[in-house]
4 protein chains.
Amino acid sequence: MIGKKRWAIAEGYIPAAGPHKDTPALQSHETACVLNANREQAQVQLMVYFADREPAGPYRFVIAPERTLHLRFDQLQNPEPIPRETDYASVIEADVPVVVQHTRLDARTGSAALLSTIGYAED
Amino acid sequence: MIGKKRWAIAEGYIPAAGPHKDTPALQSHETACVLNANREQAQVQLMVYFADREPAGPYRFVIAPERTLHLRFDQLQNPEPIPRETDYASVIEADVPVVVQHTRLDARTGSAALLSTIGYAED
Amino acid sequence: MIGKKRWAIAEGYIPAAGPHKDTPALQSHETACVLNANREQAQVQLMVYFADREPAGPYRFVIAPERTLHLRFDQLQNPEPIPRETDYASVIEADVPVVVQHTRLDARTGSAALLSTIGYAED
Amino acid sequence: MIGKKRWAIAEGYIPAAGPHKDTPALQSHETACVLNANREQAQVQLMVYFADREPAGPYRFVIAPERTLHLRFDQLQNPEPIPRETDYASVIEADVPVVVQHTRLDARTGSAALLSTIGYAED
């Protein structure tokens, strides 16, 4: 068992999709990568915060034991999609300890740019 | 409630604006993204430290409850602007727990480069 | 002595090798950089977690005293290679305190993109 | 006062300088950015660890009160330079609390790539 139950990612921005629109892996996107290294499943809940409107969510996910989920923010649908080119931030809560890392691929200018950071964790 | 009240970002450098000068989102810039996930507003204060002069600030911001602020260092004006192509670092203090992430977009060579990291937090 | 004995990296993805296939340093790759600043050797064990299959590993390494190991995920062979273009995550355990940082070079579009973050640590 | 007295950066690699060799700010380089937000000066000591040789250092620096030092690894000279295209890691110790962030600019392919992370801190 490794991790914590509450995580925050203070940065969030999905750039315009860019010229590689037909190749999902090369489109601009952001992910929250969640590792569930436990021997039991993880119930995960995501809230998304914006600059000037009420938060969106909760988005709910189940991660099987000893599995990882690379959650793409641009593919969220329920309860609502996250708009591109909009500042946001997120909080992730799980019922067992997990580990969260945030990554962006920015493809606006044709060649990819990447950023990543471990999230902020709290029990 | 998630976060801490004191944060530091040890790296800071706003590169030359680059060829996309007329598109603010594609100009070289740095941000401190601050998440206020609390149900009360956050009073935030920023100090900026340099290599060879007295610190600048405090810069003051209010973040409404359950909102995020993507603070662009190149748009700071009061008490003074942050010069480009100059090494700096920053300390952010809030009256409620917040989460801070640092991001740079470097557009000098035409295609974007990105970096990001969670800040250093302390109570 | 600096570090902790258990580390997790929640993000993992080795992009397609890209056009610089014949130059290992410029091929798309991921590393877990492990610093053993102790005066004794470190026995290190790596487990790799996937989205939809059983974990791979343990992969085992020895790091001499006061040495660093830049472990390339694309060069792992025993007990099995890590496939490219596949989501994964990893947990690293050592018998002495170590420090772990995760880095990716993505060379798919010709010009390199980089990401890096300190791992998540626990005792 | 914010920070800790012992920091580690597990990743280190100065790529080949690249085509912008005559512009120091655009050459491939790595920095350890050290913030001394204290009202007293900081005595800082850096040790550099390699994959297959004895550590280099200590490198010694003084940072004035309320100043930041962006330390470029490619400009270290005393007691010895850090070679390019060589894996390394580093440990930074100070006599007062400081904050350390690690950044690389990789200019090998002409357009810049960036990575950055907060260091690993311990008291």
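Contact here means heavy atoms within 4.5 Å. All views show a predicted model.

**View 1. Chain C against chain A.** On the chain C side, 34 residues are in contact with chain A. Chain A answers with 31 residues. Together the two chains bury about 2400 Å². Carbon and sulfur atoms give 60% of that area.

**View 2. The salt bridge between chain C and chain A.** The interface of chain C and chain A holds 1 salt bridge. Its partners are Glu54(C) and Arg67(A). Their closest N and O atoms lie 2.9 Å apart.

**View 3. Strands of chain C that touch chain A.** Five elements are labelled: β1 (4-9), β3 (42-50), β6 (88-106), β7 (113-118) and β8 (120-122) of chain C. Each supplies at least two residues to the side that touches chain A. β6(C) gives the most, with 7 residues. By residue class, this side of chain C has 17 nonpolar, 7 polar and 10 charged residues.

**View 4. Chain B against chain A.** Here 31 residues of chain B are in contact with 34 residues of chain A. The buried area is about 2400 Å². Carbon and sulfur atoms contribute 60% of it. In chain B, the residues that lose the most area to chain A are Ile2(B), Arg67(B) and Leu114(B). Together these three make up 25% of what the chain B side buries.

**View 5. Arg67(B) and its partner in chain A.** Arg67(B) also takes part in a salt bridge. Its side chain meets that of Glu54(A) at 2.9 Å, N to O. The interface of chain B and chain A has 1 salt bridge. Between these chains, 15 residue pairs are in polar contact, both residues at pLDDT 80 or more.

**View 6. Strands of chain B that touch chain A.** The elements giving two or more residues to this side are β1 (4-9), β2 (29-36), β5 (67-72), β6 (88-106) and β7 (113-118) of chain B. β7(B) gives the most, with 6 residues. The side of chain B that touches chain A divides into 17 nonpolar, 11 polar and 3 charged residues.

Terms used. Residues numbered from 1 in each chain as written. Chains lettered and ligands numbered in written order. Predicted model: local features only at pLDDT ≥ 70, side-chain atom pairs only at ≥ 80, totals over all residues. Heavy atoms only, no water. Buried area = accessible area lost by both parts, 1.4 Å probe. Salt bridge = Lys/Arg side-chain N within 4 Å of Asp/Glu carboxyl O. Polar contact = N/O pair within 3.5 Å; in protein donor to acceptor, adjacent residues only side chain to side chain. Helix = DSSP H or I, 4+ residues; strand = E, 2+ residues; numbered from the N terminus. Nonpolar A, V, L, I, M, F, W, Y, C, P; charged D, E, K, R; others polar.
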